[in-house]
Amino acid sequence: MVNLDLRRRPKIQIALKNQQPNLVNTYTTGDRIDGTATITVDHDIPFDHLDITFEGTSRTTVERASVPGQSGACQTFLKLRQPIDHYPSPRILQPGHTYVFPFTFVVPDRLLPQACNHPKNHGHLEHAHTLLPPTLGDTMVTLQKGKNALVDDLCPDMCRVAYFVQTAIVKREGSRKRKVLGSGTQKVRVMPVVEEQPPLSIPDYEVDGYCVRKEKDLRRGWTRAKRGRFVVSTSQPRPIVSNNGGDESVNSVATLDLRFEPVTEDEVPPALGTVWTKVTASTFFSAQPWSDFPAGMRASSWAQLGRGVYLESVPLSTRCVASASWTKHSRRDSLSSSSSSTSTSSTSTTSTTESGSGSYYTASLIIPVTLPPTKTLVPTFHSCLLSRTYSLDLSISYHTPHTSRLLGSTVSLKVPIQVTSAPRDMPSKNAAEVNVSEMEDGDVEAFFTPRDVTGLAVAPPAYGDYRPRVAAPEQRSVCV
């Protein structure tokens with residue numbers, strides 16, 4: 001009897017425009033999602049109305065630390081409804097007929113204010129939470145270099161952001177009850193346009209796991225006599241810009257500023273070795289909506305609060321920089337210009353009271369950031385239940401002159417880096433197109449000047465029936 005009931009359910013097929021076999025369509029902000037819902041039945045089925053919706057949902061699952069078990073939440077943050085003007089008369093689906101209902105949706109640039117109605121510590125969070133999050137953790141097949149390959153977006157199984165077009169045949173039972181006689185779902189992949197946000201203000205000392213500057217005293221021999229001070233610093237690089245599913249690699253560049261303060265004039269700078277780079281994706285998730293932006297490395301006690309973080313690192317490159325040259329400067333010549341130095345050259349402000357030398361050395365290394373084709377970095381985003389941020393790890397090896405390379409040391413820095421998403425008609429800028437002089441002139445300061453984002457929270461248009469829902473914190477809900 002059960003199998004007979006399943007055979008008697010309506011058959012619903014959802015076809016999207018430009019759909020390729022075994023592939024999932026990818027859309028971005030402003031794209032039209034055109035398609036048709038085709039319904040066939042093998043017996044008469046009376047119905048009241050047909051629901052064709054475009055929905056976005058997020059789901060999280062968190063392991064509880066206090067007692068064994070899990071807690072989680074589910075949110076439907078987006079629900080666009082397709083109006084249907086023509087129904088069969090009478091409203092009975094009959095066998096031998098094929099019913100075709102076209103639909104059109106447009107991917108919005110932001111959500112309705114009702115999607116983020118929980119308490120927040122400041123208005124910037126509401127602006128971030130009402131931006132459309134990208135598809136995350138929903139493993140699906142996509143096209144990469146002419147082959148079918150699973151997308152690896154560095155997301156754990158405890159998190160998911162999914163988008164789909166759903167068609168449901170509804171029959172009303174009573175004044176408020178509704179019965180779904182049949183439904184069909186077609187997943188889509190959404191990578192919204194994400195603009196660059198102002199850079200984080202990070203002090204020179206290590207905070208929240210980030211470190212943009214380190215100083216080390218260099219010593220020689222068994223006497224451990226001080227040779228000088230070695231300073232390595234960097235700043236937040238320009239964002240990695242994705243091209244919404246294109247085949248081009250996404251790139252950025254990072255700059256390492258080096259400085260050596262010798263104790264005496266006869267001391268020479270350390271010999272440089274290798275630079276290693278890797279990018280770390282941090283996925284923050286919670287069973288309750290976030291009231292603030294998740295902080296970097298304070299996740300040790302989050303499980304007790306119904307929160308968690310998942311970190312995954314991707315090695316990028318290993319580059320030999322032994323041929324990099326040092327530039328010698330006179331300390332007397334630099335005193336006149338020290339007052340006009342900018343934050344991008346913070347190494348020039350190193351204290352020299354301990355050094356009797358009248359000179360110092362500097363070097364600057366431009367490090368390309370190129371991602372492997374096997375990984376997919378979704379844009380940086382913050383939503384009510386989920387957030388994704390990135391950091392770039394830079395490590396450089398060195399050794400003092402007249403010593404073995406086996407006795408070398410390493411300095412490691414960690415800086416935040418954004419991943420943004422450009423419109424389809426704006427190709428991403430790869431590392432080969434980045435002008436090094438552009439990275440050194442005054443445009444960098446203007447480019448990284450923090451801007452006011454308080455005026456960007458523009459109310460979105462009304463999209464009809466929309467009911468955001470967040471599941472109870474201690475109940476694991478499953479999104480349909």
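Start with the open sheet: select β2, β12, β11, β5 and β6, the order in which five strands line up with mixed pairing. Strands here are DSSP E runs of at least two residues, numbered from the N terminus, and two of them pair if DSSP finds at least two bridges between them. Strands of a sheet pair through backbone hydrogen bonds, either parallel or antiparallel. At the edges you'll find β2 (26–27) and β6, each pairing on one side only.

A quick note before you click on: this is a predicted model, where local features need pLDDT of at least 70 and side-chain atom pairs count only at pLDDT 80 or more, while totals for chains, interfaces and linings use all residues. Residues are numbered from 1 along each chain as its sequence is written, and side-chain values use heavy atoms, with hydrogens and water left out.

Now pick out β11 (residues 159–173) and β12 (residues 177–190), an antiparallel pair with eleven bridges. Zoom in on Ala-168 and you'll see Ser-183 of β12 opposite.

Next, go to Arg-81 in strand β6 (residues 70–81). Buried, exposed or in between? Arg-81 has 26% relative accessibility, so it counts as partly exposed; the cut-offs are under 20% relative accessible area for buried and over 50% for exposed, with partly exposed in between (1.4 Å probe, protein chains only).

With 18% relative accessibility, Thr-255 counts as buried. Leaving aside residues up to four places away in sequence, Thr-255 touches Ser-233, Thr-234, Ser-235, Ser-364, Leu-365 and Ile-366, where contact means heavy atoms within 4.5 Å.

Rings of Phe, Tyr and Trp (its six-membered ring) pair if their centres lie within 6.5 Å; planes under 30 degrees apart are stacked, over 60 edge-to-face and the rest tilted. That rule gives eight aromatic pairs. Select Phe-260 and Tyr-361: their ring centres are 6.3 Å apart and their planes at 35°, so the pair is tilted. Phe-260 belongs to β16 and Tyr-361 to β20 (residues 359–370), so this pair ties together parts 101 residues apart in sequence. Both residues are buried. For an aromatic cluster, highlight Phe-54, Phe-77, Phe-103, Phe-105 and Tyr-163.

Which ring does the charged end of Arg-259 sit over? The ring is that of Tyr-360, with its centre 3.7 Å away. The test is NZ of Lys or CZ of Arg within 6 Å of the ring centre and within 35 degrees of the ring normal.

Last stop, the backbone. Most residues other than glycine have a negative phi, and most peptide bonds are trans. Look at Ser-89 and Pro-90, though: a cis peptide bond joins them, with omega about -5°. Pro-90 is in the loop between β6 and β7 (92–93). Then compare two loop residues:

- Asn-18 has a positive phi of about 60° and counts as exposed at 63% relative accessibility.
- Leu-154 has a positive phi of about 60° and counts as buried at 1% relative accessibility.

How values were computed. Helices (H or I, at least four residues) and strands (E, at least two) are DSSP runs, numbered from the N terminus.
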